[in-house]
Amino acid sequence: MTIAMQPIYTQTASGSVSVIYFNNIPQTFTDLQIVISTRTTAAVTATDIFSQFNNDGGNNYSGTRLYAQGSAASSDRQSTTNVMRFGDTVGTSATANTFSSASITIPNYISANFKQVIVDAVSESNTATGYYSYLNAMLWRSTAAITTLWVGALSGNFVAGSTFTLYGITKG
Amino acid sequence: MVWIAGQTVGSGGTSSLIFDNVPQTFAHLQVRLSVRTTASANSDLVYFWNAPSGITTAQWHILTGDGSTASSGNGTAAVYAGTFPAATSTANTFGSTIVDILDYSSSNKLKTFRCLGGFDLNGSGVAQLWSGLWSGANTAISSIRLNCGTGAFAQYTRVDIYGITTSQVTGA
């Protein structure tokens with residue numbers, strides 16, 4: 001039996017943590033998937049989650065989003081940015097003990113072509129309008145294989161109990 | 001990702017799909033649905049019913065597109081797995097949805113359900129991202145029960161539950 005989705009590494013915040021790093025990512029899989037359950041110390045309902053690959057701080061990221069917040073569904077785009085937007089995470093203004101849920105898939109992360117990234121993410125709160133839903137398609141304009149990545153929040157730190165697991169997807 | 005259990009609906013259909021005694025040994029749960037219902041309509045809702053106990057204390061939101069318009073919505077008292085083809089839909093069509101429940105056994109987190117799915121009927125259809133918050137309690141999820149909004153699950157409907165680990169597993 002081939003295990004198609006293998007956990008590479010899991011990190012659980014044991015205290016207030018600003019950034020989560022994954023270094024030395026194995027180059028032996030076909031795709032990567034990051035599954036995160038997060039809440040931050042920011043005094044907001046939700047705040048953005050960002051990432052960089054290989055610590056690339058250049059303006060090499062872009063993305064297109066379909067998202068909903070409140071009663072409206074919208075779509076927007078960011079181009080030529082220095083971070084990749086993974087969605088968002090709830091803050092302290094959201095219902096206590098709620099954590100955002102997101103899946104980030106990076107196909108062909110070792111290819112010599114640019115990297116396309118897809119995200120589905122939700123941030124629930126026990127209110128009619130205090131939520132966010134995202135479907136993101138994003139691009140990292142680099143031909144380098146992804147060997148490291150970090151995940152951070154725009155505001156606040158990740159609270160204890162936030163979990164981050166990096167999976168490798170194999171083709172068998 | 002380890003298969004836990006699955007059910008295929010036989011002739012005559014069934015009103016509920018029940019998975020009790022969900023093991024508490026994984027990090028996350030994933031429910032994969034291929035569903036058609038017997039409702040006398042073009043689509044029918046499927047929701048998580050009476051498991052976890054008290055899941056009617058809930059909030060839900062949806063981001064959806066129907067081929068021409070993107071919209072969002074919300075409600076309370078249920079957590080939905082999506083909408084699926086029903087009796088008047090194109091024959092032999094089944095909707096697909098993947099539901100992720102992160103940290104389902106946590107006693108510190110309210111449980112957020114993230115549901116990505118949809119169906120196409122060659123002229124109509126929907127693409128949807130649902131989120132649901134079971135706001136009633138922090139208790140672990142030990143049962144998954146699914147019901148249709150108005151109809152029953154049609155023959156050949158299939159639902160499987162997988163456990164997702166965050167530690168290395170060995171295939172044999």
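**Salt bridges between the chains.** I looked up the salt bridges between chain B and chain A, counting a side-chain nitrogen of Lys or Arg within 4 Å of a carboxyl oxygen of Asp or Glu, and the count is one. I find that this salt bridge joins the side chains of Arg114(B) and Asp120(A), with 2.7 Å from N to O.

**Basis.** I note that this is a predicted model, in which local features need pLDDT of at least 70 and side-chain atom pairs count only at pLDDT 80 or more, while totals for chains, interfaces and linings use all residues. Residues are numbered from 1 along each chain as its sequence is written, chains are lettered from A and ligands numbered from 1 in the order in which they are written, and side-chain values use heavy atoms, with hydrogens and water left out.

**Interface.** Taking contact as heavy atoms within 4.5 Å, I get 42 residues from chain A and 38 residues from chain B. The buried area, meaning the accessible area (1.4 Å probe) that the two parts lose on being put together, summed over both, is about 3,000 Å², and carbon and sulfur atoms give 58% of this area. On the chain B side, Leu63(B), Lys109(B) and Arg114(B) supply 19% of the area that chain B buries against chain A, more than any other three residues.

I then looked up polar contacts (a pair of N or O atoms within 3.5 Å, one able to donate a hydrogen and the other to accept it; residues adjacent in sequence count only if both atoms are side-chain atoms), and found 16 residue pairs across the interface, both residues at pLDDT 80 or more. With strands taken as DSSP runs (E, at least two residues) numbered from the N terminus, E5 (58–65), E6 (70–76), E9 and E10 (125–134) of chain B each supply at least two residues of the side that touches chain A. E5(B) gives the largest share of that side, six residues.

**All chains.** Arg65(A) forms a salt bridge with Asp76(A), the closest N and O atoms being 2.8 Å apart. Arg65(A) lies in strand E5 (residues 61–69) and Asp76(A) in strand E6 (residues 72–81) of chain A, so this pair ties together parts that are eleven residues apart in sequence.

Note on methods. Helices (H or I, at least four residues) and strands (E, at least two) are DSSP runs, numbered from the N terminus.
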